[in-house]
Amino acid sequence: MDEVSDMSEHEIYGEQASLGTPLLENQNSSGRQDGQFAQMISCVEQAIEDGILPERIVQGSSGSYFCRNTNGDILGVFKPKNEEPYGHLNPKWGKWIQRHFCCWCYGRDCLPQNQGYLSEAGAWLVDDILGLNIVPKTRVVRLVSPSFHYTRFDRARASAVRSASRRFPETTCFPCLFPNGTLFVDGVYTMVGKRMRQGLPPKIGSFQTFVRGYQDASAVLQKIEFEKLQQETQASLLYQFQSLVVLDYLIRNTDRGNDNWLIKYTPPDEQGEGESIKIAAIDNGLSFPRKHPDNWRAYPYYWSWLFLANFKFTEQIADKLLPILRDEKFFDDLGDRLYALFSQDSRFSRPTFERQMSVIRGQGLNLTKALEQRITPAELVRLPPVTVVMTRPQRRGSSSSLSRRYRQEFTRRPFFQWF
């Protein structure tokens, strides 16, 4: 007992770095891992090993964490799958109360549950394919830290495992004596000796690069006057805002308020130079629904009520996106890449994924019409919701459009349109 009590928290939970598999999905069009991103994950793992643990973010309904490097600088935001709003290890009391006492209003029936981490990575994937450049780079990774929310059993097991490794530091595993090279210690089967797996179980989740100098869009838009911005800045803001509209509409983001997209505004200097503005679209975890909202709530896009939504789609964004959206292979290629991402989930369902793609294709149909007719984003969101459903099953592994047939379906609108 004295040996255990003298051990630090870091020693109890074991080595946290060198998981060996920082990036789980291959999202680059070149087919190669992003070395810079992998290096950033390695810096986070090294910081955790040195005792600089991820810090839980107070805001929001899920367990999300600021991850730092060894200098204490924030590198990104990690959102574990099992700590999502509907995950079984969600650390927020509000969601626990809702799950146990208000189950009748728990969850969004249009969304597959516990796939928020995939939606975060999928939003960046769509942004990258379209070249919108408004979503900070987001990938699916595995991380482990004692500051994450674990069950008492996981923490007790980690302590027992570390204690066993101290008591049997050079023990050799005998598969003939112990199942899978394990030893029954303190009520749990555990690896011993050099082959022993130390520490808490890694958590899978999304890791989004942290952006500095940004504020909530609602706060920035209240401070600046659009008419007083320089013409180049006005055009840049309008283009980026309409890029946000395209992204949210295509992936049918059901949680886009004006507090979860960000703006970084740099005012001009005394010579009137250096003015710039930049938009970042974060919090994309409640996207990619399997159907349009058709029950009580509409989950509207709150940007549709801003003055920026009353400007017609510009020639710049229409010329950029229309050739892509009109290409018959675009949605096939997008589906293949999203399939590679979503299918890594243990609860992945091919029929559910096909319904998600039906919504995306329908959104793309409306979006193409809006860009062709140069209507406003406010008018775009009033178009009837459409799904484009595949009527002939696709052969697994085939990307040929000859094996597909589609039909359009219109969806009834929810009872409440304003929330």
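The buried residues of helix H3 (residues 35-49) are Phe37, Ala38, Met40, Ile41, Val44, Glu45, Ala47 and Ile48, where buried means under 20% relative accessible area, exposed over 50%, and partly exposed in between, with a 1.4 Å probe and protein chains only. Helices (H or I, at least four residues) and strands (E, at least two) are DSSP runs, numbered from the N terminus. The model is predicted; local features need pLDDT of at least 70 and side-chain atom pairs count only at pLDDT 80 or more, whereas totals for chains, interfaces and linings use all residues. Residues are numbered from 1 along each chain as its sequence is written, and side-chain values use heavy atoms, with hydrogens and water left out.

Within H3, Phe37 has a relative accessibility of 3% and therefore counts as buried. The C-alpha atoms of Phe37 and Lys137 are 8.6 Å apart in space, although the two residues are 100 positions apart in sequence. The 15 residues of H3 should span 21 Å at 1.5 Å a residue, which agrees with the 21 Å between its end C-alpha atoms; the expected span of a helix is 1.5 Å times one less than its number of residues. Just after H3, Gly51 has a positive phi of about 95 degrees.

Helix H5 (116-130) has 15 residues and reaches 21 Å from its first C-alpha to its last, close to the expected 21 Å. Of the 15 residues of H5, 13 are buried, so the helix is largely enclosed by the rest of the structure. H8 is mostly covered, with 17 of its 21 residues buried. Arg252 follows H8 and has a positive phi, near 50 degrees.

Leu325 lies in helix H9 (residues 315-326) and, at 7% relative accessibility, counts as buried. Not counting residues up to four places away in sequence, Leu325 touches Phe330, Phe331, Leu367, Thr368 and Leu371, contact meaning heavy atoms within 4.5 Å. Leu325 and Leu365 are 40 residues apart in sequence, with a C-alpha to C-alpha distance of 8.3 Å.

The largest pocket has a volume of about 1300 Å³. On a 1 Å grid over the protein atoms alone, a pocket is an open set of points where a 1.4 Å probe fits, with protein on both sides within 12 Å along at least five of seven lines; lining residues have an atom within 4 Å of a point. Its lining comprises 48 residues, of which Gly60, Lys79, Asn260, Ile282 and Asp283 lie nearest the centre. Two or more lining residues are given by each of strand S3 (74-80), H5, strand S7 (203-209) and strand S8 (215-216). H5 supplies the largest share, five residues.

The secondary structure of the chain comes to 12 helices and 12 strands. Of its 419 residues, 52% count as buried. Among contacts with a separation of 6 or more, 73% join residues 24 or more positions apart. The chain exposes about 20700 Å², of which carbon and sulfur atoms supply 51%; the areas come from the Shrake-Rupley method with a 1.4 Å probe. Zero disulfides are found in the whole structure, a disulfide being a pair of cysteine sulfur atoms within 2.5 Å. Cys43 is partly exposed at 29% relative accessible area, whereas Cys67 is buried at 0%.

Terms used. Points joined across faces, edges and corners; volume = space filled by probe spheres on them.
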